[in-house]
Amino acid sequence: MTDSSSNPFSPYVPPRVWSPATPSGGAFANINRPIAGATHEQELPIGKHPLQLYSLGTPNGQKITIMLEELLAAGHSGAEYDAWLIKIGEGAQFGSGFVAINPNSKIPALVDRSGETPVRVFESGSILVYLAEKFGAFLPKDIPARTETFNWLMWQMGSAPFVGGGFGHFYAYAPEKLEYPINRYAMETKRQLDVLDRLLAERRFVAGDEYTIADMAIWPWYGGLVLGELYDAAEFLSVHHYQQVRRWADEVAARPAVIRGRKVNRVRGAPGEQVAERHDASDLD
């Protein structure tokens, strides 16, 4: 058997039993581990508003801040929120307080303290549905339209890991560029963009004529790709081919609530686009 550890160009031969014996390298390697649970005691702060969001301005985090800002723009004052920054690069998601809200230790996580008993909500799709149902907004009541919205929300939840953990990881974050995984996930990412492009050739928004939580879920990922804001990969993926996705992405990007929401918990990019924490509407002005 070839000792692949002595020759970096040899094919990898999996051991009989896997063990994380050496650091994996690459971005975020210091927070990856094969077990769950808290690594340290750390209580989470609680602000003055009924909704407490613990997050980071990644595509998944943007879904929720966009939704909250859309609710406020639509006149739902009960959607006022505090957004606390969770620094995942420093392992804040493994603090005991965060793990108590989301045992999976992933952002975003929300606590609704408007009732007698606080309600924890985790997974971005679940949070979007929770808020849509709580406020009766951005989710059609008509069964066919409601189902179509859920169809595309679930499509995003199932598809985006191929874009982020697949293409994005191997193209932008892995410690070395490997042709096979980059080709594999670029193929799937482009297929997904084509799915959306064909859909949006027939309708204004993802689920139909109405702007819904499906658009809010999909836009930070696929809108970000065609707008050249994810992984510096626009040219590599030839995103100019997806003209209908670009048309939709531009329309959503121009919404005032989207402009506001995408700034929240953001710690990268132009200084004017970063609002690390949000505790009042004036924080975004």
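How many salt bridges are counted between domain 1 and domain 2? The count between domain 1 and domain 2 is one salt bridge, and the legends below place that pair in its setting within this predicted model.

**View 1. The two domains of the protein chain and the area buried between them.** The domain assignment gives domain 1 as residues 51-138 + 270-283 and domain 2 as residues 143-254, and the C-alpha centres of domain 1 and domain 2 lie 22 Å apart. The contact draws on 15 residues from domain 1 and 14 residues from domain 2. Between them, domain 1 and domain 2 bury about 1,200 Å², of which 72% is on carbon and sulfur atoms. On the side of domain 1, the residues that lose the most area to domain 2 are Pro-59, Lys-63 and Phe-138, which together account for 41% of what that side buries.

**View 2. Polar and charged pairs between domain 1 and domain 2.** Glu-133 and Arg-146 form a salt bridge in which the closest N and O atoms are 2.7 Å apart. Across the interface of domain 1 and domain 2, five residue pairs are found in polar contact, with both residues of each pair at pLDDT 80 or more. On the side of domain 1 that touches domain 2, helices α1 (59-73) and α3 (124-135) each supply at least two residues, and the largest share, seven residues, comes from α1. Sorted by class, this side of domain 1 consists of seven nonpolar, four polar and four charged residues.

**View 3. An aromatic pair, Trp-155 with Tyr-222.** A search of the whole structure finds 11 aromatic pairs. In the pair shown here, the ring centres of Trp-155 and Tyr-222 are 5.1 Å apart and the ring planes stand at 35°, so the pair is classed as tilted. The pair links distant parts of the chain, since Trp-155 belongs to helix α4 (residues 143-173) and Tyr-222 to helix α6 (residues 213-226), with 67 residues separating the two positions.

**View 4. The salt bridge of Glu-69 and Arg-260.** By the rule applied here, the count comes to 14 salt bridges. In the one shown, the side chains of Glu-69 and Arg-260 meet at 3.2 Å, N to O. This pair also links distant parts of the chain, with Glu-69 in helix α1 and Arg-260 in helix α8 (residues 256-261), 191 residues apart.

**View 5. Backbone geometry at Pro-108 and Glu-123.** The peptide bond that runs from Ile-107 to Pro-108 is cis, with omega near 0°, and Pro-108 is found in the loop between α2 (96-101) and β3 (109-112). Glu-123, although it is not a glycine, has a positive phi of about 75°, and Glu-123 lies in the loop between β4 (119-122) and α3.

How values were computed: Residues are numbered from 1 along each chain as its sequence is written. This is a predicted model: local features need pLDDT of at least 70, side-chain atom pairs count only at pLDDT 80 or more; totals for chains, interfaces and linings use all residues. Side-chain values use heavy atoms; hydrogens and water are left out. Domain bounds come from an automatic or database domain assignment. Contact means heavy atoms within 4.5 Å. Buried area is the accessible area (1.4 Å probe) that two parts lose on being put together, summed over both. A salt bridge is a side-chain nitrogen of Lys or Arg within 4 Å of a carboxyl oxygen of Asp or Glu. A polar contact is a pair of N or O atoms within 3.5 Å; within protein, one must be able to donate a hydrogen and the other to accept it, and residues adjacent in sequence count only if both atoms are side-chain atoms. Helices (H or I, at least four residues) and strands (E, at least two) are DSSP runs, numbered from the N terminus. Ala, Val, Leu, Ile, Met, Phe, Trp, Tyr, Cys and Pro count as nonpolar, Asp, Glu, Lys and Arg as charged, and the others, Gly among them, as polar. Rings of Phe, Tyr and Trp (its six-membered ring) pair if their centres lie within 6.5 Å; planes under 30 degrees apart count as stacked, over 60 as edge-to-face and the rest as tilted.
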